[in-house]
Amino acid sequence: MTLGRMPLFVWLMLTSSAQLLIALPPLTAAQVMLLLDRFLGAHFFDTQAGGSAVLWQHFFWLFGHPEVYVLVLPAFGIASEIIPVFSRKPIFGYPVMVAASVGIGLISISVWAHHMFAVGMSPAANSFFIASSFMVAVPTGIKIFNWLATMWGGKIRFTTPMLFCIAFLFQFLCAGLTGVMLAVAPFNWQLTDSYFVVAHFHYVIVGAIVFNIFAGIYYWFPKMTGRMMSERLGRWHFWLMVIGFNLTFGPQHIAGMLGMPRRIYTYEAGRGWEIWNQLSTLGALFQAAAILVFAWNAIVSLRRGAVAGNDPWDAWTLEWSTTSPPPEYNFATLPEVRSRRPLWDLKHPDDPDGPYE
Amino acid sequence: MSEDSDTSDTWTLPARGRAGMVGLIFTETSFFAIFVVAYLYYVGKSTSGPTPAAVLHTPILASIVLLSSSWTIVLAMRALRADATGRFARWWLVTFLLGGTFLVLTAREWARLIGHDGLTIATNLFGTTFYTLVGLHALHVTVGLTLIALVFVLTLRGHVDVRHAERTEMLSWYWHFVDGVWVIVFLTVYVVGR
């Protein structure tokens with residue numbers, strides 16, 4: 001194994017872990033300051049004594065925005081494992097995918113104050129955070145194109161994990177586009193703290209992250225338990241979830257543009273927000289049904305699912321070369337990794353990947 | 001790519017403790033950076049006295065004592081790697097005493113600031129940021145001294161020899177880090193902030 005042959009999932013976990021080490025301490029530090037303010041009479045965020053409440057916001061978002069990437073990078077890793085296997089093609093542009101992942105990790109540390117345009121920062125600060133937020137869209141766009149290019153011309157198998165990954169691609173694209181819109185400060189001033197923002201980040205957290213977690217569960221459940229999850233119930237779960245998710249959070253874009261603010265529990269009649277909220281409520285019912293189907297699928301499959309065998313998806317990474325579930329010692333002898341698809345090499349000794357990489 | 005296949009035979013996993021300590025130093029750097037930023041942001045923003053210029057004295061002796069402990073811990077580590085346990089124990093004790101002296105000097109500075117100058121964490125922004133940043137560093141010195149004391153006791157009881165050089169060295173990395181942080185704190189509080 002070398003860094004250049006490491007699975008993309010591992011690369012993304014590495015980037016995400018490094019980000020955690022940098023991004024979490026600002027939250028800890030800010031909370032220490034807040035505790036000192038509250039209990040020992042310190043003045044960090046006490047504006048009466050010259051302290052600054054805006055500094056708290058900076059420290060919080062210096063944690064808060066990288067945290068989004070801490071969450072989404074492992075989801076990218078899941079998609080990068082699943083999409084090639086079910087497109088029957090190696091991942092497109094592996095080195096660029098690695099560079100884009102690390103690039104996102106680095107740039108995302110410098111974009112935090114795009115959450116604070118409405119606070120009233122200097123034009124220089126606004127410009128900097130607009131530019132850096134635009135920049136983080138570049139490696140992210142590269143990743144979307146590379147996933148699409150992996151599927152392009154492939155022999156796609158529409159299994160449940162793949163369905164969730166495809167929905168992720170579309171929904172994450174929506175999230176990215178509204179993200180770039182919100183990074184434009186004048187646009188942001190109009191829609192800050194509105195339901196448009198709520199819709200945007202739910203397209204990231206649910207549309208991208210939760211969908212890929214579901215994809216990962218369907219993909220690795222056979223490896224973890226030795227049994228397949230039901231494809232029939234998986235499809236029910238998928239379609240209920242896609243419909244429910246988009247019905248819940250799609251209309252919130254419009255409610256936000258019509259001026260509906262975040263963090264309200266009720267509003268006056270006649271603002272034109274009713275229909276969009278009713279659609280959201282309907283969508284939530286679909287999502288609840290989807291989750292129940294998923295839970296039922298997991299419980300039933302755990303007991304009565306078809307026996308998976310070592311390698312039910314005809315996949316290429318090493319976990320599929322051992323039994324399902326894997327033995328406690330993982331591998332009796334250390335497997336030799338000569339390419340990015342070591343199990344492909346084992347299956348096709350006459351046509352190994354190495355010479356092509 | 002196939003010609004480098006021999007790397008898989010010679011490659012070994014980096015030691016867990018080494019990776020952990022590098023991670024700790026990385027994340028602690030981020031932690032201290034926030035407090036340094038807060039300190040610098042609030043320089044001169046206090047709405048009342050006392051001011052840094054009026055009450056702070058440059059802690060030259062404390063700085064010399066703490067920074068030289070980085071040198072003595074290097075000597076101690078050299079001795080341990082050479083399996084000279086007696087020499088290791090002596091330099092290790094010197095390191096502990098130097099770190100302890102630094103803490104005593106810090107305590108005396110604080111006693112003077114609180115008792116004589118009336119500066120507490122609640123007095124003004126200077127007091128708030130000063131005690132937080134310097135106190136956070138002193139807390140790290142205290143943690144380091146506790147661990148150094150633990151290793152010293154284990155050494156006296158004959159439990160430490162060359163086989164423990166790797167783990168002991170990780171403690172010395174932490175100690176170097178704490179000393180490095182002092183350089184930053186010193187420059188922030190006693191040079192730039194005054």
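The structure is a predicted model.

The domain assignment divides chain A into domain 1 (1-156) and domain 2 (158-326). The C-alpha centres of domain 1 of chain A and domain 2 of chain A are separated by 20 Å. To the contact between them, domain 1 of chain A contributes 25 residues and domain 2 of chain A contributes 28 residues. On the side of domain 1 of chain A that touches domain 2 of chain A, at least two residues each are supplied by α2 (53-87) and α4 (123-151) of chain A. The largest share of this side, 11 residues, is provided by α2(A). By residue class, the side of domain 1 of chain A that touches domain 2 of chain A comprises 20 nonpolar, four polar and one charged.

The largest nonpolar core contains 122 residues, and the members that touch the most other members are Ala79(A), Ile82(A), Phe164(A), Cys165(A), Phe168(A), Ala208(A) and Ala215(A). This core lies between domain 1 (1-156) and domain 2 (158-326) of chain A, because both domains give residues to it. When neighbours within four places in sequence are left aside, Ala79(A) is in contact with Trp147(A), Cys165(A), Phe168(A) and Asn212(A).

The contact between the chains involves 25 residues from chain A and 23 residues from chain B. On the side of chain B that touches chain A, the elements giving two or more residues are α1 (7-10), α2 (16-41) and α6 (125-156) of chain B. Of these residues, nine come from α2(B), which is the largest share. The side of chain B that touches chain A consists of 10 nonpolar, 12 polar and one charged residue.

Within chain B, Leu56(B) is located in the loop that lies between α3 (52-55) and α4 (60-81). Leu56(B) has 19 other C-beta atoms within 10 Å and is therefore partly exposed, since a buried residue would require 20 or more. With residues up to four places away in sequence not counted, Leu56(B) touches Tyr190(B) and Arg194(B). Glu109(B) is 53 residues from Leu56(B) in sequence, and the C-alpha to C-alpha separation of the two residues in space is 8.8 Å.

Methods: Residues numbered from 1 in each chain as written. Chains lettered and ligands numbered in written order. Predicted model: local features only at pLDDT ≥ 70, side-chain atom pairs only at ≥ 80, totals over all residues. Core = buried A, V, L, I, M, F, W, Y, C linked by C-beta atoms within 7 Å. Buried ≥ 20, exposed ≤ 12 C-beta atoms within 10 Å, placed from the backbone. Domains from an automatic or database assignment. Contact = placed C-beta atoms within 7 Å. Helix = DSSP H or I, 4+ residues; strand = E, 2+ residues; numbered from the N terminus. Nonpolar A, V, L, I, M, F, W, Y, C, P; charged D, E, K, R; others polar.
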